[in-house]
Amino acid sequence: MYDVVVIGSGPAGYVAAIRASQLGLKTLCIEELIDDSGKPSLGGTCLNVGCIPSKALLDSSHRYYEANKKLSEHGINISSLKLDVAAMMKRKDDIVEKLTGGISGLFSANKVESMMGRGSVISQNIVKVTKSDGSSEEVEAKNIVIATGSSPIEIPAAKFGKKIVDSTGALSFDEVPKSLGIVGAGIIGLELGSVWSRLGSKVTVIEALDTFLPMTDPDISKETFKEFKNQGLDIKLNSTLTSSKELKNSVKVTYEQGENEVEDEFDKLIVAVGRKPNSSEILSKELNIKIENGFIEVNQYCQTSLKNIWAIGDVVRGPMLAHKGSEEGIMVAERIAEKHAEVNYDLVPSVIYSHPEIAWVGKNENELKDESVQYKTGKFPFAASGRALAVDQSTGFVKVLSDVKTDTILGVHVFGPAAAEIVQQALISMEFGASSEDIALTMFSHPTVSEAFHEAALASNNQAIHIGNKPR
Amino acid sequence: MSVEIKSPTFPESVADGTIANWLKKEGDAVAQDEVIAEIETDKVVLEVLAQSDGIISKIIKSEGETVISSEVIGEFEEGSLDTSKKEDSTQEVELTKEIEPTKDTNTKNKKNGPAVKKILSEKNIDPAPIKPTGKDNRITKADVINHISQKDTSEESSTIVSESGSDRPEKRVPMSRLRSTIAKRLVSVKQETAMLTTFNEVDMQPIKELRSKYGAEFEKEHDVKLGFMGFFVIAAVQALKKFPLVNASIDGTDIVYHGFQDIGVAVSTERGLVVPVIKDADTKSLPEIEKSILEYSDKARNGKLSIDEMQGGTFTISNGGVFGSLLSTPILNAPQTAILGMHSIQDRPVAINSEVHIRPMMYLAMSYDHRLLDGKEAVTFLVSIKEQLESPERLLLNL
């Protein structure tokens, strides 16, 4: 009998398991993914086929791009630049292996047991684990935590195959496709598009919506659209893929751009239209736990209608982000141990690891207008930041939105160098209810790109030093 | 265990007070010696402290109600703070039930953010009554701003009793306790004494020279500025010793001669005029007097003067000069017999040895109770003060 059985070892599941064990609970974590050598591959989508490998390739491709296009500006000339895709992929695979192996290490250090197989909840206290050889085993649990994650959505117009791939496939091409089509201009599509575009692919992004990155602040949406186009991504908005066909050496696609039907041909086609929660065949029907649009229904503490069954991460409501799942994992473990814990869903940061990065937290201007909140804006361009100019990353800006009356920071939106790290600084302050003046009164090291956040906070109160302020 | 929360024992001179505000609500946990309510009397604001750790179970006298000395104003449940919420069990909760965090109610030791610190000190706000919304019960800038605007609206709404019916704007508000006490006292002094004022003027040149010559050294040595007020206090003490009747007071048909010189110094504050008393001024040196004046004015401005510090007094000095008054007739501080009014210093032509000189001059006014003092005594008392100020060496020689 375990105190806690966690199904899934992604960033939600493994974190929940480690914390539960730290709190003195006997904990088991079940994972079905097996690597090429037959060992369980812990870490879920994030470590195996998501955040980490994509960041490895984003970095490698950026280095290549810099060497290819940018270093000569610095007076560094390379005469025979050569791209070795296999070596690049190996580096990525090594990082993944190191990190997934790291989780096994963390499990043993924290006395978390792990078991290979596919877990499903057959009664309120029993989890059935089906092994890859077809055999199965039942484990008893006082508490069950479902952290089964999500998978890429497949669309009828583009069934996955050899040349039509999902995000996972796009992380392991063995050569650079000359032309690459991407369906979906979301975070995943843009990151993968950036990788292959830097390595030499001609990238076309087909996006059904007519707004670019509609979840971002309107300024971010406008500026980043320009920048992506500059970088060579051909983004076709208001375009819906209608059909696709794998040919011998290419993929032929048809899409409707507004009224027009357009045909095109790519070496490879990546479908990145979103992800769906992995909730089918996890819960026995008799448990009567509701599943809505694939998401397991839970309260604000990730508890299902059965008090000892919990669900966290991508399989429940909220953004499908590793850090959100991890925080839910911590909360659930703490709550099982009868401690107080909660997740502040108002402050979930989002990042797009393009170059420059895009990151934000809190409300954007569209949302504040919809909610009729009286806000003020403080903006500072990286073009006015000494450090940003020195490191040749002066595109973009920091934008701080705060309440007109109370000065409380409501949202921070960054497009530019180290955007994710700057947003993190903002988030910490917002967690403590900071006002823009709090940031304005805080010392920042010079020269850093973070100073742009300082200046944007100062600009919120018309006190910016290194840029003109709005006329009052 | 349930205990009564009582208002503090008021001094004899204080008849009653008003609950100014409750800093804690019913159900709030408090630590021993934490301030739970404030009572405004006609002299000071008194704090009601928690006698032990526990929880406020009942508020009997709400804000604005009048209370007398040692009256029960609420009830209090004694008990340790941290055991209060332990009985809830997570396992038993319903799907929708929230588990209340064990709240840390102590905001005092929390470090405030820079903007909060700035606004608190700029606007001189006491952070204690501000309701915190930040992490771990920290006060945010928004909390301070909301506190200020709430205070503004609540002050307006609670004080406006009626608006005039006509379209010409008019607002009727009740007097604060301090203001109505001042009003009552002033009228009774005018009615019950035979008040009369005598004037003189003093050449401030010698004191000015003394200050410019020794001011810096004095401040360095004693850590307080060399002001004008100290000289007036010392001069008054010397004069009071020579004229003990000025230092006396009437009690019924008796004259009470005081064997000490307690000098009241009028300080203007936002709430009104208060008069802290420098006790045994005759035994104090000039630096000691300057220090107590500084301490009292700071306390007065922050509403921290205790009743004890304002009681008694055998003579009062009031300085209308700080506001620019050239001449005025001060009103007695009953039951004292005399009050000295200082005024602004003005360069004026004066005749000295048949020559016209420009001198920094100050008019002095002394109001006195003619029942006790005759004109001769009052006038010579004032002349004595004038002479000491014009020749400060007299202070040294006890002349």
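Biologist: In which handedness of crossing, left-handed or right-handed, does α1(A) pass α8(A)?

Modeller: This is a predicted model, and in it the helices concerned are α1, residues 13–22 of chain A, and α8, residues 322–336 of chain A, whose axes lie 7 Å apart. Where α1(A) passes α8(A), the crossing is right-handed.

Biologist: Are α1(A) and α8(A) roughly parallel or roughly antiparallel?

Modeller: The two helices, α1 and α8 of chain A, pack at an angle of about 30°. Because angles under 35 degrees count as roughly parallel, α1(A) is placed relative to α8(A) as roughly parallel.

Biologist: How many nonpolar residues has the contact of α1(A) with α8(A)?

Modeller: From α1(A) come G13(A), V15(A), A16(A), R19(A) and A20(A), which meet residues of α8(A) including S326(A), I330(A) and E334(A). Sorted by class, this contact of α1(A) with α8(A) has two charged residues, three polar ones and, as the number asked for, seven nonpolar.

Biologist: Which residue is the bridge partner of E256(A) in β14(A)?

Modeller: Chain A has an open, antiparallel sheet of three strands in the order β12-β13-β14, with β12 (239–246) and β14 (260–266) as its edge strands. Strand β13, residues 251–257 of chain A, is joined to β14(A) by seven bridges. Within β14(A), the partner of E256(A) is E261(A).

Biologist: Which helix gives the most to the side of chain B that touches chain A?

Modeller: The contact involves 21 residues of chain B and 20 residues of chain A. On the chain B side, α1 (114–122) and α2 (141–159) each supply at least two residues. With four residues, the helix that gives the most is α2(B).

How values were computed. Residues are numbered from 1 along each chain as its sequence is written. Chains are lettered from A and ligands numbered from 1 in the order in which they are written. This is a predicted model: local features need pLDDT of at least 70, side-chain atom pairs count only at pLDDT 80 or more; totals for chains, interfaces and linings use all residues. Two strands pair if DSSP finds at least two bridges between them. Two residues are in contact if their C-beta atoms, placed from the backbone, lie within 7 Å. Axes are lines fitted to C-alpha atoms, for helices over the stretch in contact, and angles run from 0 to 180 degrees between N-to-C directions. Angles under 35 degrees count as roughly parallel, over 145 as roughly antiparallel, 65 to 115 as roughly perpendicular and the rest as oblique. A crossing is left-handed if the near helix is turned anticlockwise from the far one by less than a right angle, and right-handed if clockwise. Ala, Val, Leu, Ile, Met, Phe, Trp, Tyr, Cys and Pro count as nonpolar, Asp, Glu, Lys and Arg as charged, and the others, Gly among them, as polar.
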